[in-house]
2 protein chains.
Amino acid sequence: MGLLNDARWMGAALALSERSRGRTAPNPNVGCVAVRDGVVVGRGWTQPGGRPHAEAMALAQAGAKSRGATIYATLEPCAHVSPRGPACADLLVEAGVARVVMALGDPDPRTNGKGAARLRDAGVDVVEGVAEVPARAAMAGFLTRQARGRPFVTLKLATSLDGRIALPSGESRWITGPESRAHAHLERARHEAILVGRRTAEIDQPRLDVRLPGLEARSPRRLVLSTSGDLRRPGDIAALEGVDHLLVEGGAETAAAFLREKLVDRLLLYRAPILIGAGKAALGDLGLAELGAAHGRWRLTDTRMLGSDRLEVYAAS
Amino acid sequence: MGLLNDARWMGAALALSERSRGRTAPNPNVGCVAVRDGVVVGRGWTQPGGRPHAEAMALAQAGAKSRGATIYATLEPCAHVSPRGPACADLLVEAGVARVVMALGDPDPRTNGKGAARLRDAGVDVVEGVAEVPARAAMAGFLTRQARGRPFVTLKLATSLDGRIALPSGESRWITGPESRAHAHLERARHEAILVGRRTAEIDQPRLDVRLPGLEARSPRRLVLSTSGDLRRPGDIAALEGVDHLLVEGGAETAAAFLREKLVDRLLLYRAPILIGAGKAALGDLGLAELGAAHGRWRLTDTRMLGSDRLEVYAAS
């Protein structure tokens, strides 16, 4: 086996977990593979709505081959019986697995170490902390909800090289090209909800849906920040049920409101190779008193070309 | 020998040519290597002020080893005798070189094919067009002056991710970090002159010099665009003697004036990983009537990290 193999199989489990990102809240989007004699005998990922769990799906697929297998799970198997299904830790013991490798402990107080303990008590070999950093990224929605009581927030900006999002006339179609727009639609499919400000909703009337072949049904819930609605301030997103990943798509004042309250965890910056000059700025007032206060917050985590545009992804630190 | 070797030796000549960028106007910054039996026997680059020429320097270094050597020159050897020195084509024939490989023909009407012809007439094997594209980039200043009667213009912008160059208060020190600023000083050393607008000159009082150890003497000439001076409009740069590379460093209105007149050939964009929001925009009004007109002009040619900042270089097409 060895740690190198463990990291490789956990990579496969993490890839499976991404299939459910944005569709499992309030449950985590877990991925799981069952491996016996170096062969994958079962694969699972949390199903839309949260059940079945990834482990249950992988065990069902593996059947009798679960006996003696190693289970790779991106999160600690749950220890609590629910009306919707049995505890995964019990299922794994019953199936007779030999070993469970997990990336992260489950911060949910109903499990939080109890899943691992139950497995160990039953004689199962348990390894923790494999690929912990990528697992934190893959399940950021669930983990942010658990740790901070609010969704993980991604802010999307699509600008010219000089940071403009429209001409003075308001014309904004199009700054970025079709590859960027397709990528932005894929991002929508990975979020439970999209939010825009009231003015953007009324003036631009964006459809905010997923227009990608085969993914039309993945369009997220649409939300509007408005002084007359349920969401009046950025902080109100904490109360959103079933939303662990929130995509903020504009406009400049809404983006600034989230940034001012440090409620942006990730920045998706699509930039077209054009200069606009006079026009609409990407962001409203952030209330910055001095430049020093702006530094140290954002870290580039990914960048790629999308046609002639460039995408940059920044994480808040 | 072979074309692969030719491209490799020409790469060495091009690297030498960069040593003189910004110091040879109105002469081109040529690089040259002399190779015999697979060994470099002489190296040269146009000296500050334009003389000696690169070929003369390489031949002097090679001495008797020039006989039978191959000469790699980034530009066609000159055919005109000047009070400041003999024609390089004649020097090469006298030295008995066997072969001359050049990247580009010299557009100067005093040479323009005559250098190659004189070499061929003397029985020297002449190859043209090796590494033509990088040679055009390396000698962009001279070539732009020859083709368009004006310097090659680089616009430098240093912005936040949202395109800001200062807080509303005017505070702009610092947006980018020390690695970016050092790189920008190196760029200054590669230009004969730097230009800023009158307001930037008066309010920011930038030193515009090269503050890099050992390169202090490479500080370029400082120019100010001002309605009351010699340079009133961007187009007036055509009349600048001894300036083939011009670096425009700000502010927003001066940058916009050069962009409006399509007088920017290259864009150096230093970006810090910060968001500023309300503040000073990088560019003034470009007079853009519709977004379609902004597209298709800029092409990313280089990008790299400079500390936590990112540099992007764009070429006008």
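Let me start with the domain annotation: the unreviewed UniProt entry lists a CMP/dCMP-type deaminase domain over residues 4–127 of chain A, and I would ask you to keep in mind that what we are looking at is a predicted model. Over that stretch of chain A, residues 4–127, the chain is 32% helix and 23% strand, with the end C-alpha atoms lying 13 Å apart.

A cis bond joins R51(B) and P52(B), with omega about -10°, and P52(B) lies in the loop between strand 2 (39–45) and helix 2 (54–62) of chain B. The bond from R173(B) to W174(B) is also cis, with omega near -5°, and here W174(B) belongs to the loop between strand 7 (164–166) and helix 7 (178–188) of chain B.

Staying with chain B, an open sheet of 7 strands runs in the order 9-8-10-6-11-14-13, with mixed pairing. Which strands stand at the edges? They are strand 9 (221–225) and strand 13 (298–306) of chain B, and because each has a single partner strand, one side of each is left without a neighbour in the sheet. From one strand to the next the twist averages 20°. Inside this sheet, strand 6 (residues 152–159) and strand 11 (residues 266–271) of chain B pair in the parallel sense over 6 bridges, and A158(B) has Y270(B) as its bridge partner in strand 11.

Turning to side chains, the count of aromatic pairs over all chains comes to 0, but there are charges over rings: the charged end of R19(A) sits over the ring of W45(A), 4.4 Å from its centre, and that of R8(B) sits over the ring of W9(B), 4.7 Å from its centre.

Finally, a search of the whole structure finds 1 cavity of 30 Å³ or more, and the largest cavity holds about 40 Å³ of space. Its lining includes R271(A), P273(A) and D309(A) from chain A, together with L300(B) and Y314(B) from chain B.

Note on methods. Residues are numbered from 1 along each chain as its sequence is written. Chains are lettered from A and ligands numbered from 1 in the order in which they are written. This is a predicted model: local features need pLDDT of at least 70, side-chain atom pairs count only at pLDDT 80 or more; totals for chains, interfaces and linings use all residues. Side-chain values use heavy atoms; hydrogens and water are left out. UniProt positions are given in the numbering used here, feature names are shortened, and annotations may be inferred rather than shown by experiment. Helices (H or I, at least four residues) and strands (E, at least two) are DSSP runs, numbered from the N terminus. Rings of Phe, Tyr and Trp (its six-membered ring) pair if their centres lie within 6.5 Å; planes under 30 degrees apart count as stacked, over 60 as edge-to-face and the rest as tilted. A charge sits over a ring if NZ of Lys or CZ of Arg is within 6 Å of the ring centre and within 35 degrees of the ring normal. Two strands pair if DSSP finds at least two bridges between them. Axes are lines fitted to C-alpha atoms, for helices over the stretch in contact, and angles run from 0 to 180 degrees between N-to-C directions. On a 1 Å grid over the protein atoms alone, a cavity is a set of points where a 1.4 Å probe fits but cannot get out, and a pocket is an open set with protein on both sides within 12 Å along at least five of seven lines; lining residues have an atom within 4 Å of a point. Grid points are joined across faces, edges and corners, and a volume is the space filled by probe spheres set on the points.
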